[in-house]
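Please keep the sequence and the structure in view while reading.

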Amino acid sequence: MLDDELSDSNLDGNGNLINPLDQHFPMTMEHREPYIGMEFESAEDAREFYEMYGRRMGFTIRNNRTRRSLKDNSIIGREFVCSKEGFRAEKYTKKETQVFTSRPATREGCNAMLRIAAKDGVKWVIYGFVKEHNHVLNPSKIPPRRSHRIAFCEDEKDLKIRELSTELHREKKKSAAYQEQLQMVLNYIEEHTQRLSLKVNLVSNNLRELEYED
């Protein structure tokens, strides 16, 4: 991952290592606490800031909800939560027969979260923040950090898959409707052809009768 690699850009003028996180945020931003109305240049910056804050306090975060515009389906809101938000699904905790020992529960119903929303189509602003956790915070037990941009891209990829699945379902419904209309047209043509055939036979029979009379 790019954040784990050491290059010349990670060193200052004295050859000292620069924390990759410091390259994204100034010191005044890195050590601040989230608050309602706090602004960011992008949703990624907001997520990066909350992840930094969480690691400093002793918890990790994950993406939770995404809000989309009803006008153009663009993303207008995001929610990031503590990794211990929610509870493990009952189907994993109440199995009658288990071949393997279930993993320890990692979710404890924590309500800590950060919500952001797009502002004027340019910046992102915090409009929801719950600071309190229902579990012990321990910065020393936080696992090595993943690249926030990779995690963010994975979230975008899942969203794109859902969008494509929805579009595919919509196209299938359109195709079924077109097939139904086409079948109706074919049925009409077949009925019309049968009526014409009957009329032709009737006219042909009438001509034969006239010939016999003559």
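This is a predicted model: local features need pLDDT of at least 70, side-chain atom pairs count only at pLDDT 80 or more; totals for chains, interfaces and linings use all residues.

A salt bridge here is a side-chain nitrogen of Lys or Arg within 4 Å of a carboxyl oxygen of Asp or Glu. By that rule, a search of the whole structure finds 11 salt bridges.

**Overall layout**

The protein chain has 4 helices and 5 strands. Read along the sequence, these elements come in the pattern α-β-α-β-β-α-β-β-α. Of the 214 residues in the protein chain, 25% count as buried. The accessible surface of the protein chain is about 15800 Å², and carbon and sulfur atoms account for 54% of that surface. Among contacts between residues at least 6 apart in sequence, 55% join residues at least 24 apart.

The 5 strands form an open sheet with antiparallel pairing, in the order 1-5-4-3-2. Strand 1 (39–40) and strand 2 (61–68) are at the edges with a single partner strand each, so one side of each has no neighbour in the sheet.

Strand 2 and strand 3 pair in the antiparallel sense over 7 bridges. Asparagine 63 has phenylalanine 80 in strand 3 as its bridge partner, and arginine 62 has valine 81 in strand 3. The hairpin of strand 2 and strand 3 has 6 residues between the strands, and asparagine 73 takes a positive phi near 65° in this hairpin.

Strand 3 (residues 75–82) also pairs with strand 4 (residues 113–119), in the antiparallel sense and over 5 bridges. Here valine 81 stands opposite methionine 113 in strand 4, while glutamate 79 has arginine 115 in strand 4 as its bridge partner.

**Salt bridges between parts of the chain**

Side chains of opposite charge can pair when their charged atoms come close.

| Residue | Partner | N to O distance |
|---|---|---|
| Glutamate 39 | Lysine 123 | 3.9 Å |
| Arginine 62 | Glutamate 85 | 2.3 Å |
| Arginine 115 | Glutamate 79 | 2.6 Å |

The salt bridge of glutamate 39 and lysine 123 links distant parts of the chain: glutamate 39 is in strand 1 and lysine 123 in strand 5 (residues 123–130), 84 residues apart. Glutamate 39 is partly exposed, with a relative accessible area of 32%, and lysine 123 counts as partly exposed at 29%. Glu39 and Lys123 also belong to a network of salt bridges that takes in Glu41 and Lys119.

Arginine 62 forms its salt bridge with glutamate 85. Arginine 62 lies in strand 2 and glutamate 85 in the loop between strand 3 and helix 3, so the pair ties together parts 23 residues apart in sequence. Arginine 62 counts as buried, at 18% relative accessibility.

Arginine 115 forms its salt bridge with glutamate 79. The pair ties together parts 36 residues apart in sequence, because arginine 115 lies in strand 4 and glutamate 79 in strand 3. Arginine 115 is partly exposed, with a relative accessible area of 31%, whereas glutamate 79 is buried, at 5%.

**Helix 2**

Helix 2 (residues 43–57) has 15 residues, which at 1.5 Å a residue should span 21 Å; the end C-alpha atoms are 21 Å apart, so the two values agree. Helix 2 is mostly covered, with 11 of its 15 residues buried. Among the buried residues are Ala43, Ala46, Phe49, Tyr50 and Tyr53. Glycine 58 follows helix 2 and has a positive phi, near 115°.

Cysteine 110 is found in the loop between helix 3 (90–93) and strand 4. Cysteine 110 is buried, with a relative accessible area of 1%. Leaving aside residues up to four places away in sequence, cysteine 110 touches several residues, including Cys82, Glu85, His133 and His135.

Tyrosine 188 is placed in helix 4 (residues 148–213).

Terms used. Residues are numbered from 1 along each chain as its sequence is written. Side-chain values use heavy atoms; hydrogens and water are left out. Two strands pair if DSSP finds at least two bridges between them. Helices (H or I, at least four residues) and strands (E, at least two) are DSSP runs, numbered from the N terminus. The expected span of a helix is 1.5 Å times one less than its number of residues. Buried means under 20% relative accessible area, exposed over 50%, partly exposed in between (1.4 Å probe, protein chains only). Contact means heavy atoms within 4.5 Å. Accessible areas come from the Shrake-Rupley method with a 1.4 Å probe; for residues, only the protein chains shown count as cover.
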